[in-house]
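This report walks through one protein chain.

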Amino acid sequence: MFLSRLFTWWNGQTLNTQFHTWLRGNYVGVDDQGNRYFQNGQRRWVIFAGEAEASWVPPEWHGWLHHTCETPPTERSVSRQDWEKPHVPNMTGTNKAYVPKGSLRSGNPGARPGYTAWTPNSPE
């Protein structure tokens, strides 16, 4: 557990990040996922509630982290649009990943329209 916290950043904050946050970080706020946000002068960072996955940062906090807006979402009203969908985690590399129509992963490549499979020693 100790070595994991010392060297891996993807399982939460490392001991160095935790120490730096404790020593120099000014707490700014928390989002609905439980991620906590800090700053020190111009430097801003997030401590993820679980696995470090950038897609879990909501748009309003992403804008603040990247200095697109100077005021954090805790100090301004952020209205959600009715067309905005709830967050879906990145499914790349899983069975739930998006597979477009006609992809090799979607089934038999010979069944795709406009595709003829190559066979060795066949006339062109």
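Strand 2 (residues 36-40) pairs with strand 3 in the antiparallel sense, over five bridges. Strands here are DSSP runs of E with at least two residues, helices are runs of H or I with at least four, and both are numbered from the N terminus. Two strands pair if DSSP finds at least two bridges between them.

Strand 3 (residues 43-47) is mostly covered, with four of its five residues buried. Buried means under 20% relative accessible area, exposed means over 50%, and partly exposed lies in between (1.4 Å probe, protein chains only).

## Basis of the model

This is a predicted model: local features need pLDDT of at least 70, side-chain atom pairs count only at pLDDT 80 or more, and totals for chains, interfaces and linings use all residues. Residues are numbered from 1 along each chain as its sequence is written, and side-chain values use heavy atoms, with hydrogens and water left out.

## Overall layout

The protein chain has three helices and three strands. From the N terminus, the elements run α-α-β-β-β-α. Of its 124 residues, 23% count as buried. The accessible surface comes to about 9,800 Å², and carbon and sulfur atoms hold 55% of it. That area comes from the Shrake-Rupley method with a 1.4 Å probe; for residues, only the protein chains shown count as cover.

Contact means heavy atoms within 4.5 Å. Among contacts in the protein chain with a separation of 6 or more, 28% join residues 24 or more positions apart.

The three strands form an open sheet in the order 1-2-3, with antiparallel pairing. Strand 1 (26-30) and strand 3 are the edge strands, each pairing on one side only. Neighbouring strands of this sheet are turned by 25° against each other on average, direction ignored. Axes are lines fitted to C-alpha atoms, for helices over the stretch in contact, and angles run from 0 to 180 degrees between N-to-C directions.

Strand 1 and strand 2 run antiparallel and are joined by four bridges. Val30 has Arg36 as its bridge partner in strand 2. Helix 2 (residues 15-24) packs on the sheet and touches strand 1, strand 2 and strand 3; its direction makes about 125° with that of strand 3.

## The nonpolar core

The largest nonpolar core has eight residues: Val28, Tyr37, Val46, Phe48, Val57, Trp61, Trp64 and Leu65. Helix 3 (residues 59-65) gives the most to this core, with three residues. Such a core is a set of buried Ala, Val, Leu, Ile, Met, Phe, Trp, Tyr and Cys residues joined through side-chain atoms within 4.5 Å.

Leu65 touches Tyr37, Arg44, Trp45, Val46 and Val57, not counting residues up to four places away in sequence.

Glu60 lies in helix 3. Its relative accessibility is 17%, so Glu60 counts as buried. The side chain of Glu60 makes a polar contact with that of Arg80 (3.0 Å). A polar contact is a pair of N or O atoms within 3.5 Å; within protein, one must be able to donate a hydrogen and the other to accept it, and residues adjacent in sequence count only if both atoms are side-chain atoms. Leaving out residues up to four places away in sequence, Glu60 touches Cys69, Pro73, Arg76, Val78 and Arg80.

Val88 belongs to the segment after helix 3. Val88 counts as exposed because its relative accessibility is 58%. Val88 and Ser55 are 33 residues apart in sequence, and 8.5 Å apart in space, C-alpha to C-alpha.
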